[in-house]
Amino acid sequence: MKRFLSGDEALAEGVRLCRPKVISAYPITPQTVVVERLSEMVEAGTLDAKYMHVESEHSALSAAMGASATGVRTFTATSSQGLLYMAEVLTYSAGGRFPIVMMNANRSTALPWNIYGDQRDSLALLDHGWIQAYAEDNQEALDMTLMAYAIAEDARVSTPFMINLDGFALTHTYESVDIPTQDEADAFLPEYKTANRFDFENPVNMGYSAGPATNKFFKCAEHVDMMNVAGVIDEVEAKFEATFGRKYLGMVEAYRCDDADFVLVTLGSIAGLTRNVVDELREAGTKAGLLKIRYMRPFPAKQIADALSNVKSFAVLEKDISFGSEGTVFTNVKSALYDNNVTKPALNFVGGLGGDDISEDDILGIFDKCKKKAEGADLPVVNWVNLDESEVF
C-alpha cells in the first residue's frame, strides 16, 4: 500500500510493522512526529506496545535498555542535544549487547541554538558501539527500520542500531512510500528471542564489572561482533529483496563509479541531488560518480577503497566538522584508503551546517575543484560550502 508520508511518519510505520513491545519516548524537534504517531497507534490498538512518556532523553534510552534486558523488542528516538544527553547510556546499551533500535533525526548541536539539520550529533558519537546507518529518502527510512531489527537482533551481532534521518530534509518532507503488509513484515522479521535477558529460572549476571584483567575480552568481543555486521547486512538485504522486491546495495552504493575520473563521497539525503548532478556531468562528457555511504559503523573501508582505487581525484561532502581537524567522514575515508594502499588526491567539503542549503551549483563546483586538484592545483584540503573564511575573520 502506498501512502504520502513524511520521513518521521514513514519510520513510525516501519516501527509498527516490527511489533516492539516497549516504546520509550521524549519529544525533541525534528524527531517528535515519530513518537507522536507511535502513541496514536498504541492508543488506537494498531500497535500492541507499552508506551512510556519519560522525563528526558537519558531516561528514554535507559528505559529502552531496561526493557530490552527483560527480553522484549524496544524502540526509542531522539535528536541533537537529546542524543548527546543519551551518550552515557549509549555505551551501557552497547556494552550490555542490547539490540535496541533508535531513530536519530540529525540536527545541529548547540551553541548557537539551531533546530535544523546537519550530522554533527551522530558523527560525534561513532565510537560509542552502535551500528550507524544513514537513510537517503523516506522509503529507505521505513525499509531500514525493518532491516535494523533483523541485523541488530542476529545472534552474531547483538548490537544496538541507530537509524539516522536528515532533520527536516527527510523528517518533514513528504514522499510516496510503499508500506508492506503486516503479514509480509512478520514473514521477514521473526519474533524476538534472546538469551541476554533476566531469567528467574536460569539467572544470569548482567550489568557486571570487569577489571583490568578481563575488560579487554568484552571490548574485543564487542568489536568482533560489530565487524560481523557486514556479512549479516548482506544476508538481511537478500532476504529483504526476496520478501518485498526492493533491492539495497550493502554498506555503500557506488553510482557510476566503475569508470569515473572524479567521485563525490557523501551520505544521507544529499546523495539524491548528487546523483542528478552526476548524470548531468556524464551527459556533458565528464566521468563523474557518486559513492554513497549507507553505514558509518561498521565502516566499509574495503568497499570505499575499491570504489576509489582508479579515480583521478575525489571529494568528501559532509554535514560535519571536527574542529581543529577536518570532517569526521573525511578522516574515516582517508584511513580506509591508507589501510588498503590506495593514494589519491582528495578534498573535504563541509556544508549544510545548521541546515544551510547545498545546491546543485555547489556540487558542480565541488566536481570542478576535483578536476583542478587532479591537475595539480594547490587547493586547501578543507573547504567550506557557501562560506568564505575571510567573511569570518
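**Chatting through a predicted model**

Reader: What's lining the largest pocket, by class?
Author: By class, its lining has 8 nonpolar, 7 polar and 3 charged residues. Here Ala, Val, Leu, Ile, Met, Phe, Trp, Tyr, Cys and Pro count as nonpolar, Asp, Glu, Lys and Arg as charged, and the others, Gly among them, as polar. A pocket is an open set of points on a 1 Å grid over the protein atoms alone, where a 1.4 Å probe fits, with protein on both sides within 12 Å along at least five of seven lines; lining residues have an atom within 4 Å of a point.

Reader: Before we go on, what kind of model is this?
Author: It's a predicted model, where local features need pLDDT of at least 70, side-chain atom pairs count only at pLDDT 80 or more, and totals for chains, interfaces and linings use all residues. Residues are numbered from 1 along each chain as its sequence is written, and side-chain values use heavy atoms, leaving out hydrogens and water.

Reader: Ok, which element gives the most to that pocket lining?
Author: That's helix H9, with 5 residues.

Reader: And how many helices and strands are there?
Author: The protein chain has 13 helices and 15 strands. They're DSSP runs numbered from the N terminus: helices are H or I with at least four residues, strands E with at least two.

Reader: New topic: which residues touch the most others in the largest nonpolar core?
Author: Leu-38, Phe-75, Leu-146, Ile-151, Phe-161 and Phe-188, out of 53 residues in that core. A nonpolar core is a set of buried Ala, Val, Leu, Ile, Met, Phe, Trp, Tyr and Cys residues joined through side-chain atoms within 4.5 Å. Buried means under 20% relative accessible area, exposed over 50%, partly exposed in between, using a 1.4 Å probe and protein chains only.

Reader: Which helix gives the most to this core?
Author: H7, residues 138-152, with 10 residues. There's also a second, separate core of 27 residues, including Leu-123 and Met-296.

Reader: What's up with the phi of Arg-97?
Author: Its phi is near 60°, which is positive in a residue other than glycine. Arg-97 is in the loop between H5 and S5.

Reader: Is Arg-97 buried or exposed?
Author: Arg-97 counts as buried, because its relative accessibility is 16%.

Reader: One last thing: what sort of peptide bond joins Thr-29 and Pro-30?
Author: A cis one, with omega about 0°. Pro-30 is in the loop between strand S2 (22-25) and helix H2 (32-44). Ala-110 and Leu-111 are joined by a cis bond too, with omega about -10°.
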